[in-house]
Amino acid sequence: MILSFDQSKKLLTKYKIPFVKGELVESKTAAFNFVKKYGYPVVLKIDLPNILHKTDIGGVILDINNKEKLILSWDKLSKLGKVLIQKQIGGVGLIIGAKKDPIFGPIIMFGLGGIFAEALKDVSFRLAPINKKEAKEMISEIKGYKILKGYRGQEPVNLLKLEQILLLLSDLITKEKIQEIDLNPVMADSKKAIIVDAKILI
Amino acid sequence: MKLNSIFNPQTVAIIGATDRIGSVGRGLVKNLLDNGRSRKIYLINPNRNKVFGIKTFSEIQSVDKKIDLAVIAVPAKIVFKIVKQCCEKKVKGIIIISSGFAEIGTDGALLQSKVIGLTNRANIALVGPNCLGVLRPSTGLNASFAPLSPNNGAISLISQSGALLDSVIDASADKSYGFSTVLSYGNEAGITLPNFLDWAGKDKKTKVISLYFEGLKNGREFFNVAKEVSKTKPIIVLKGGKTKTAQKAVSSHTGSLAGAAEIYSAAFKQAGLIEVNSLQELLDVSKALVWQPKCKNGIGIITNGGGAGILATDYCHQLGIKLTKLDSITREKINKSKEMHPGWSKNNPIDVVGDALSNRYKIAIDALIKQKDVNGLMIIQTMQVMTEPIKNAKIIINAKKRYPNKPIVTVFMGGKLTNPSINLLEKNKIPNYSDPMRAAHAFKALINNN
């Protein structure tokens, strides 16, 4: 079974894993209120837990930075299902995951997100629970580490925040009865690292 | 765990002892008798009065002495009955060579669990079933049907596969390295791989542990034991079956990315194991770790061939082995020697040039090994018409004696003309490799990570 948005958010909050500002909105007005509170830009997503790639079915609309676009996007997505509004944040997209391996039990994964994870398999693994040193190693051993360190004048991402998420997720997968979890993407920049989407299988 | 009855039994009963050509039982009897020393061997076979001219017993109870170890090579269907007799005889250890248990399916698994029930209740150490057996050269024990007995040494080779071991034993027979233990654990119904690993970690005769397996029954237990043992002894692992099988339905990215092969490799790394990619590399690395001390990163290379030196440099770079810069003292020493070719490389690798006689090797080795931040040497020799392999080997052996804490690995490349010098090197525990790539992989294992 796959956890809903609310269930996922609750579980991540329990482990103090930072989740992007966002909520399920049942009306346009609710979406407007969200924007009033947190400002543009925002993202609209459908909350369909069974779909691995929301983007493949047009279920994610990015870069919504004015009222007009918000209304258009709302009309489009609300036909497909429940709508989730989130603050849009920038940075480097990463994937942090964990699962129960049939041979070794809880394991944890780190890598560059999106196509890098899938096409290049640029990810690292450890058995959970991990310590701080192991979290550091996981981050530094992927090929994309250079990108995280700041490539061609880009500011380096906050590696300490990433380590922290790894340690928190390691704790979660060790203690909770869940099978698999994707934190994908985790957006990281020089100041923060925040989970934008999560998929949790129990 | 007390495994003395398995590794150094005083009395052994072979059940299923025979001299029938082509049988497992014959191999067992021959091996146990050949290496018997002071050990007393009893042959059990109700269908033969004599095997190799030795009187047999019809069953283990007929032996009037205590039996430490029973080695069973009878058809699976009567193993339960035989094990029951062994329990009544109060043997301390049992090796079940016979196959036809959990590896063949549910019927076999049921039979296996019944047998385990017996040995557990009787508190008997059990190896197998479905295994090659146990070889312990240091006590002269060969309780296996391997084609030969391996040389005595300090490597514990523990394998899921028995057939691979047979070939390793054969291949190592004319080499200078040897084994403290060779065993295949088969279905690990009694003593498991983590048990053996823990034992090898404490075994005084074992300096290096080499593992081969395709899969683990209890990955977490293996991981925990390996992590402890690797703190005090190097563990080298070759994992078979890394090809991805059909992918299950994808439910998460983590699920699809975390293939078994990747997780195994991550677990090995995290537990401090050295993972290798071939059987040759397993033995190459084992040999280096048994014979040479470990060192900090930063080594020196000496060669009489530019190409070989460049290849070695490439491989070292790929594996993260640093080449130390020559300091002015080293450079000066070589320049002032007057015997070095004026066109020598002036850099690390030190190229002593193709026409080098032994004196040039000696100058380069002496200068380089003395430099403080050169922590180890790789010495390459290509076979030129004027090259003096035996003299070079002697210079290396002598340098090693003077600097026992700096590892030396050689790459004497060649065959007919080179082999006598390679034998001399290896007799003196200098590991030689026919290719700079193999030497680089071995050296990598000698370098401390921190």
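The buried residues of helix α5 of chain A are covered by elements that include β6 (105-112), β7 (123-127), α6 (145-148) and α7 (159-175) of chain A, together with α9 (260-270) of chain B, where contact requires that the C-beta atoms of two residues, placed from the backbone, lie within 7 Å. The model is a predicted one, in which local features need pLDDT of at least 70 and side-chain atom pairs count only at pLDDT 80 or more, whereas totals for chains, interfaces and linings use all residues. Residues are numbered from 1 along each chain as its sequence is written, and chains are lettered from A and ligands numbered from 1 in the order in which they are written. Helices (H or I, at least four residues) and strands (E, at least two) are DSSP runs numbered from the N terminus.

In α5(A), which spans residues 132-140, the buried positions are A:Glu134, A:Ala135, A:Met138 and A:Ile139, a residue being buried if 20 or more other C-beta atoms lie within 10 Å of its own. These residues lie on the same side of α5(A), because they cover an arc of only 140° around the axis, the arc being that of the directions from the helix axis to the C-beta atoms.

Between the two chains, 18 residues of chain B are in contact with 24 residues of chain A. On the side of chain B that touches chain A, at least two residues each are supplied by α7 (219-229), α8 (253-257) and α9 of chain B, and the largest share, six residues, comes from α9(B).

Chain B contains an open sheet of seven strands in the order β9-β8-β11-β10-β12-β13-β14, with mixed pairing; two strands are taken to pair if DSSP finds at least two bridges between them. The edge strands, each pairing on one side only, are β9 (141-144) and β14 (274-276) of chain B. Strand β13 (235-239) of chain B pairs with β14(B) in the parallel sense over three bridges, and B:Val237 stands opposite B:Glu275 in β14(B). Helix α6 (193-202) of chain B packs on the sheet, where it touches β10 (152-159), β11 (179-184) and β12 (208-213) of chain B, and its direction makes about 165° with that of β10(B); axes are lines fitted to C-alpha atoms, for helices over the stretch in contact, and angles run from 0 to 180 degrees between N-to-C directions.

Chain B as a whole has 16 helices and 18 strands, and buried residues make up 50% of its 450 residues.

How values were computed. A residue is buried if 20 or more other C-beta atoms lie within 10 Å of its own, exposed if 12 or fewer, and partly exposed in between; C-beta atoms are placed from the backbone.
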